[in-house]
Amino acid sequence: MSGPRDYQVEGLVIRDATVGERDRVVVLFSRDEGKLTFVARGARRPGSSLGPSVQMLTRGRFQCVRRRGLDLLTQAVSIESYGKLKAELWSMSCGLYLAELVDSSTVEAAPNRTLYDLLVGVLDAINHHGCSDALLRYFELRLLQCVGFCPSVQRCVGCGGRLRPEVNALSATLGGAMCPDCSSSCTDAIPLSVDALKVLRFCLANDLETSCRAKLSASLAAEVEEHLHRFLVGVLQKELKSRAWLFRLRTEALLTGNGQAPTIARRSES
Ligand SMILES: [Zn+2]
């Protein structure tokens, strides 16, 4: 990166790590420059003015200094600290899952304003209304779209033919929906119901608020979740730790009879 020594970015903290007794390494997903990594000197010191603004899932304006190694974060003004989200374990865990998804699907210094707006929009929604299944699925699908791996759901990715209203299939390897004829010779294609195909199309055609109004049965929600999960694992080439944690929370909520948290398919821990 070239330019003046001092500069400012707006961004959201998507990863952090401690360095020694006083410093932090902070990864921001910035509005205009994508993912950027900084050192925040003294951020772990008691009473540090920088400390609160470089906590996970805090959005702010950051003053930065360019250096040969990692640039420095020197000052920060918080725009949104997502207090309600962080006060509730399930919401916070969902927020961390979104952050890990963004971190895992992006490279340094590749601007992606659409993904930034998506992340901020979904975090705002969680902060105001809590986190639903529909919100997680909307984010996963739109993230795939933002990073160039949107499942193709209009025509068969095998023959290009129009998909009929019947049980088709979805292949993560080939990148989308397939007709029954083509899917019979595709080893990773799994059945895609008519309703699940409609849900994917609906989420791609509508905004967050409209998409999240759709009411899905538990079995349909689980099917959509399974398809998106397969796509994400195919793109990211790994399982996410934060997802395994969501599964554990969900399981424990069920065991204690507090089953309000959204469904996370069992496959997520496999
Ligand atoms: Zn086909």
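**View 1. Strands β1 and β2 form an antiparallel pair.** Eight bridges join β1 to β2, and the two strands run antiparallel. Strands are DSSP runs of E with at least two residues, helices are DSSP runs of H or I with at least four residues, and both are numbered from the N terminus. Two strands pair if DSSP finds at least two bridges between them. The model is predicted: local features need pLDDT of at least 70, side-chain atom pairs count only at pLDDT 80 or more, and totals for chains, interfaces and linings use all residues. Residues are numbered from 1 along each chain as its sequence is written. Within this pair, leucine 12 stands opposite phenylalanine 29 in β2. The hairpin of β1 and β2 has three residues between the strands, and glycine 20 takes a positive phi near 65° there. Six of the eight residues of β2 are buried, so the strand is mostly covered. A residue is buried if 20 or more other C-beta atoms lie within 10 Å of its own, exposed if 12 or fewer, and partly exposed in between, with C-beta atoms placed from the backbone.

View 2. β2 and β3 are antiparallel and share seven bridges. A hairpin of three residues connects β2 to β3. Leucine 28 has leucine 36 in β3 as its bridge partner, and valine 25 stands opposite valine 39 in β3. Towards strand β5 (residues 71–80), β3 runs parallel, with two bridges. Here the bridge partner of valine 39 is leucine 72 in β5. Five of the seven residues of β3 are buried, so this strand is largely enclosed by the rest of the structure. In a regular strand the side chains alternate between the two faces of the sheet.

**View 3. Five strands close into a barrel.** The order of the strands is β1-β2-β3-β5-β4, and their pairing is mixed. On average, neighbouring strands of this sheet are turned by 50° against each other, direction ignored. β1 and strand β4 (residues 59–65) run antiparallel and are joined by seven bridges. Glutamine 8 has glutamine 63 in β4 as its bridge partner. Helix α2 packs on the sheet and touches β1 and β2, and its direction makes about 110° with that of β1. Angles run from 0 to 180 degrees between N-to-C directions, and axes are lines fitted to C-alpha atoms, for helices over the stretch in contact.

**View 4. Helix α2 packs against helix α3.** Two packed helices are described by the angle between their axes and the distance between the axes. For α2 (residues 89–105) and α3 (residues 113–129), the angle is about 175° and the axes are 10 Å apart. That makes α2 roughly antiparallel to α3. Angles under 35 degrees count as roughly parallel, over 145 as roughly antiparallel, 65 to 115 as roughly perpendicular and the rest as oblique. Ser91, Cys94, Gly95, Leu98 and Val102 of α2 meet Leu115, Leu119, Val122, Leu123 and Ile126 of α3. Two residues are in contact if their C-beta atoms, placed from the backbone, lie within 7 Å. By class, this contact has eight nonpolar, two polar and no charged residues. Ala, Val, Leu, Ile, Met, Phe, Trp, Tyr, Cys and Pro count as nonpolar, Asp, Glu, Lys and Arg as charged, and the others, Gly among them, as polar.

**View 5. Helix α3 also packs against helix α4.** The angle between α3 and α4 (residues 133–146) is about 175°, and their axes are 10 Å apart. The two helices are therefore roughly antiparallel to each other. On α3, the contact residues are Thr114, Leu115, Leu118, Val122, Ala125 and Ile126, and on α4 they are Leu135, Phe139, Arg142, Leu143 and Cys146. They divide into nine nonpolar, one polar and one charged.

View 6. The protein is divided into domain 1 (6–81) and domain 2 (84–269), with bounds from an automatic or database domain assignment. The domain centres, taken over C-alpha atoms, are 29 Å apart. In the contact, 15 residues of domain 1 meet 18 residues of domain 2. β1 (6–19), β2 (23–30) and β3 (34–40) each supply at least two residues of the side of domain 1 that touches domain 2. β3 gives the most to that side, with four residues.
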